[in-house]
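Let's take a walk through this structure. Keep the 3D view open as you read.

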Amino acid sequence: MVPLLAAYAADRTQDQFVGRLGDVARFSVLAEDAIEGDDVVALESELRRYTEVYGGSVVVTDANREVVTSAGADPAGPLTEAAVTRALTGAVTHPRRPPGPGTTSRC
């Protein structure tokens, strides 16, 4: 049963990752349109609904790191600034855990 459960968990994780990646692509297009059109009302509505459904927080910044809009977060908070820095530098969001017993390390 353990290999079956591990495969199922890996498949569900992959599905969630692909779903969130699609969400990011969609919000990127909405953000670009909002910034170019100088109208963030539709983007704010979509972000608010997204955070209501999935939890968490979303912050949209422009190329100068100025907050365009946010939902579920304090855009002026130090955690937001750190998250923006990690995102723009390509750093991992969460620290990686060392492999536990029975797992293998992947590089």
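## Before we start

Helices here are DSSP runs of H or I with at least four residues, strands are runs of E with at least two, and both are numbered from the N terminus. This is a predicted model, where local features need pLDDT of at least 70, side-chain atom pairs count only at pLDDT 80 or more, and totals for chains, interfaces and linings use all residues. Residues are numbered from 1 along each chain as its sequence is written, and side-chain values use heavy atoms, with hydrogens and water left out.

## Two helices side by side

Find helix H1 (residues 2-37) and helix H2 (residues 41-54): their axes come within 10 Å and cross at roughly 155 degrees. The axes are lines fitted to C-alpha atoms over the stretch in contact, with angles from 0 to 180 degrees between N-to-C directions. So H1 is roughly antiparallel to H2 (the label for angles over 145 degrees).

Who touches whom? Counting heavy atoms within 4.5 Å as contact, H1 brings Arg20, Asp23, Arg26, Phe27, Leu30, Ala31 and Ala34, while H2 brings Leu43, Glu46, Leu47, Tyr50 and Tyr54.

Asp38 sits in the loop between H1 and H2. Its phi is near 55 degrees, which is positive although Asp38 isn't a glycine. Asp38 counts as exposed because its relative accessibility is 74% (exposed is over 50%, buried under 20%, partly exposed in between, using a 1.4 Å probe and protein chains only).

Arg65 lies in the loop between strand S1 (58-61) and strand S2 (67-71). Its phi is positive too, near 65 degrees, and Arg65 is partly exposed at 34%.

Terms used: Angles under 35 degrees count as roughly parallel, over 145 as roughly antiparallel, 65 to 115 as roughly perpendicular and the rest as oblique.
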